[in-house]
Every structure is written in C-alpha cells, then in structure tokens.
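Here is a short briefing for a first look at this protein. Start with the overall picture, then turn to one helix contact.

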Amino acid sequence: MYEFSTGRSGCLRSITFVSIVAFILLLLLPMASARDYSLESADVNVTVSSEGIVHVQESLTYHFDGTFSEVYRQVYPPPGGSIENMQGHLDGFSSDFYVTEVYGGYELVCKLPSPTPEQVTFVTSYDYYGGLKVYNDVSELHYKFWGDEWEKPLKGLTATVTVLPANSSDITYWIHPDDYTKTAVITGNTITVQADDIPANSWYEIRVIFPRLASPGPRYVSLYDQNAKFQIFRIESQYALKQKALYLVFIVYVLLALSLLLAPFYLYFKYGREPDITYAGIYERELPYDSKPAVVNAMIKDDVGNPTIDGFAATVMDLIHRDYLRIDDGNPRDIVLHITGQEREKGDSPGLLDFEQDVLDLIVQHSEGGQLHWKEFQSKLKKGTSFYNFINSWNKKVKAHIDLEKLFIEKGATTMDYFAGILFIVSLLSLFAVPWLGDSSAYPIIEKLGFMPIIVAFVSPVVLVLNAKYRTFLGRWTPEGKLYVERWKNFKKYITDFSDLREHPPGSVKLWDHYMVYAMALGVAEEALKNMSVIVPKVEFRASHFHNRVYITGYSSDFSHAYQRSAPRSSSGGSHGAGGGFGGGGGGAR
C-alpha cells in the first residue's frame, strides 16, 4: 500500500512538472513567433555618368519587432547587361556583407547584430552596365526605383536621378505610376522625386530621355541603331491619356454611387410629398368605405397595391363572417371550419369576387365531408410550392380590383426602380470589364475602380428592395387616395383605442365581428380582440365568431409560416508605356 502511494505521488509530480513546462512553452511560443518588420523609408540616388554607367546607391530603413538574423536586397541586371561593384553595409553597425547568386540576378545580404536593433538602415551600391539605352537621336534611362517583389509596403521614398552629361533644359522625364508621387522637381541636371505609401508588390519607376551621348561605349550602354524619341513620346502620351480616362471613369462611378444614394431624396421632393387635404377627422367609428378587406390591406401597407398575408387571412375571416364558412372552436387545439350549403363543391358562389372565390375554393379543395381541420390544413399548405404560387397569383387578382392610378401616383417609385435596375446591370457588366482595363500595378486607379461596381452592385438591389417595401416614400397619394388612407388609419385608431371604444362601442356582436375582419386586414386583430373581450359582455362575446384568442393570434402567422415554407428553395452549383524599366527587384528580412 505504501509503495503504491509513493509511485502514484511520483507520477503526479512528473505530470505536474511536464504540464508546467508545456504551459511555459505555450506562453513563450507566441513571443517567439510574433515577429515582424516594416519598411520605413528608402533613399535611392541614381547617377548617369558621361560614359553611360548607371550608378545606384540605396539606403533602406527597416523597423524590426522581434528577432531577425539578416536583411537582403535582390537586384537584377538589365537585358543584355550586368551589375558590377556591388557593396553594402549597415549604417552605424559593423556587419558582414556578402553577395549570392539567385535566379536571374543577385542577392545582397547583410548580417544583423544580436540582439536585433529596433531600426537599421541597409546601405547598398552597385553599377549597371548596359542599363542606359542609346538611340540615334536620344539616350533613355528607364529605371525602377522600387520593384514589385517587396512583400511589405514602403512608407516613404526619396529618389534622385542625376544626368551628368545633360542639363535641365535637355531632360524630359515621366514617372509611373504617378499616383504615389508627392513631389517631382528638376534642378540643374538632377531630378528629385518624393513618393508616399507604395503598396506591397507594387513598382515605381521613372523614364528619362536626354541628348544622345557623344561617344557611347558598347561596354557601358545598350546601343540601338534607330530613332526613338517620337515613339517614346507617343507611348507616354497614350499612357497619360489612358490614365486620365480611367480617372474619369472612376469619378463617374463615384458620382453614380452617390446619385444612387441621393436619388431617393430628390425623387421624394419631386414626386413623393403628399398633397394637402381638408380632412381633419380623429376617429372613424364606422367603416369609412365599402372596400373588401384584402383591398384595404393592400392600400394601407407600405407596398401599395400588394396585399400581405394579413389580407389573405382577413378574406378567410370575411367568408366566416358572411356565413360561407362556419367556425367550430369547441376543441381549441383543433379548430374546424365547416363549409356551408352549396359551397361544398368548387365553383362560383353568389356574391363573391374572383379572389374571394379562390380562397373559398382552396378551403373546399382541402376539406373532407364539408369540414376542414385547421392543423391538418396548415400542414398541407407547407408541403410543395402550391400555396406559395397560389398566394402570388391571388395577390395579382386583388390588385386588379384596385383603381391604383386613381389613388396613388407611382412615378417617383417607378423612376427609382428603373434607375437602380440600370445601375445594377451596368455594375455587373463593369465587373467583367475591369480586368480588361489593364495592369493595376501600372494604373493603381484600376484597383479602386474595381471596388466601385461591387459597391453599386450591392447597393442597387438594397435600394430596389426598400423601394418595393416602402412604396409610399417615393410614390404619392392623390388627394382622393390620401383621404382614403387617412380615414382607414383613423378607423384603425378607433378599434385599438380602448377609451373611445368603451364610450362608442359597435351596436352588436355581429358588427364587432365585421370590424374584427378589418382589424385583421389592418394588422391590429389581437389588440382589437383584447378590447372587444373587455367591453362586450361575456355572454355576447361567446357568440362572436372570433372570440377565441388562440385562433386570432395564430391565424395570420400560421398562413405566413405556410407561405414561407412553401417558397421554392434555390440551389447553388458548382514595349509598354509603363513597367518596362530595369532595376526594381525586391528584398526583405529573415
């Protein structure tokens, strides 16, 4: 027993020790791996000698967070040329410098002191032979100050190009892409350029032309037996023209995106402001118009002319109120609808409009022996897409019975539909066109331009959906339509205002039931039923078709759920103007 306890105790101590060590290692792991660096600045000085040798001196300032062992710079000779006299050191630190060959060029490496300084400046220098192009009429330097192989962005760059065999009046230069340029000036025979925020994997270059060297040596320059000045000017003109065109397209897209946001306000002030009417009523204690419940529902809701599921539910209630159907709620867990008289068979029933007949036919279709069990009915409606299609078709029939032009002017809303729809199509086409506009590294505006169609393509459908849902914002009621809506709103206030209902109650339970039908259409059935249950004596209240609170509160939501469940489910299945200069390359730290 003693030995067993000792062994177990030792085992526990070992497990505890290992756990502590593992925990410490886990804490140290993020510290060891959390290292990064940034490129604070770069100073690049390029000098073109009288012989045509291109001498480059660079100072690259790194900021370190963590431990690094070395910094490196990759350089590549110009086509047909070479790189000579490569040197490097760390400014302010003693360091080992060496050069290794990489594919197509060289890697200039400097060892970092230990511990790693927070900031160091890596200074390199080298000569390009064959980098300067000499034609029959001009000399050309096409040099990348910064290459696209850098995986980190550069915060700031200062560069100079000094052309010893020329002066300012003889020098012409272009910078690509100009988007990063902060300042560019020429003083004497020196061009000074400052640039900010060059993104990772992006290049920045200059093209300079000046008079032909007097006696160029083939060892130091690349000789071409042709004139090039006219061709260079033509290429640069095309580049500048394309850049201006891209900026113009970008500005147009910005204006289109802004117009998509501002158009609703303009259209509202032009078409959406409501007319003034003389009606000043507070309550309507009787039905203001002899309109069908589904029609009232379609006119009062924001999507004018299109009924909601409340309109469909109100139509069923109206059929009950008008004795086409009879409700039996003796068992509140399974309410039963009884189909009365000749309505047991599908077909024309006297006194019903087509959309009312459709509702009755739907109930007859799902009944057995003149009876329809509510839970079973709801379950059937959720299967397949027939109920979804029925409601969409039914909505159109209701809308056909509304003289919408007489009551509501849709011009503002329709104009917004066309405008947003056209912009949506244009944005989709633009998404396919953007990749064909050119290289985003030569024209950075293309990258920004690529986001604009995405923004417009996203906002346009949102605007269309909101415009469809809130049709009355950009549309406008006619004076007659405004009066129609205001009177129904005041009736809605009446049947939901307990105090006024108590002072001026409907004259009979049958009239209460009639009002309950319209309360459903107006979306306030539950509140109206609550008032009714308090105001009407209990004996009379029990005689109402709609006294069952469970039936009323779940009625519209049952149909809404069935409509959503029956909706179809979608399936898813499966020589250039810029960038042609030598130099550039990349680098980093490791």
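A residue counts as buried when its relative accessible area is under 20%. In this predicted model, buried residues make up 45% of the 590 residues. The fold holds 17 helices and 22 strands.

**Surface**
- The accessible surface of the protein is about 30400 Å².
- Carbon and sulfur atoms account for 56% of that surface.

**Confidence**
- The average pLDDT of the protein is 84.
- A score of at least 70 is reached by 88% of the residues.
- Residues 1–12 have a pLDDT below 50.

**Helices H3 and H12**
- Helix H3 covers residues 293–300, and helix H12 covers residues 479–496.
- Their axes come within 10 Å of each other. The crossing angle is roughly 105°.
- Angles of 65 to 115 degrees count as roughly perpendicular, so H3 is roughly perpendicular to H12.
- From H3, the contact is made by Val295, Val296, Met299 and Ile300.
- From H12, the contact is made by Tyr484, Val485 and Trp488.
- What kinds of residues form the contact of H3 with H12: nonpolar, polar or charged? The contact has 7 nonpolar residues, no polar ones and no charged ones.

Methods: Residues numbered from 1 in each chain as written. Predicted model: local features only at pLDDT ≥ 70, side-chain atom pairs only at ≥ 80, totals over all residues. Heavy atoms only, no water. Axes fitted to C-alpha atoms, helices over the stretch in contact; angles between N-to-C directions. Helix = DSSP H or I, 4+ residues; strand = E, 2+ residues; numbered from the N terminus. Parallel < 35°, antiparallel > 145°, perpendicular 65-115°, else oblique. Contact = heavy atoms within 4.5 Å. Nonpolar A, V, L, I, M, F, W, Y, C, P; charged D, E, K, R; others polar. Buried < 20%, exposed > 50% of the residue type's maximum accessible area, 1.4 Å probe, protein only. Areas by Shrake-Rupley, 256 points an atom, 1.4 Å probe, with all protein chains shown as cover. pLDDT = per-residue confidence, 0-100.
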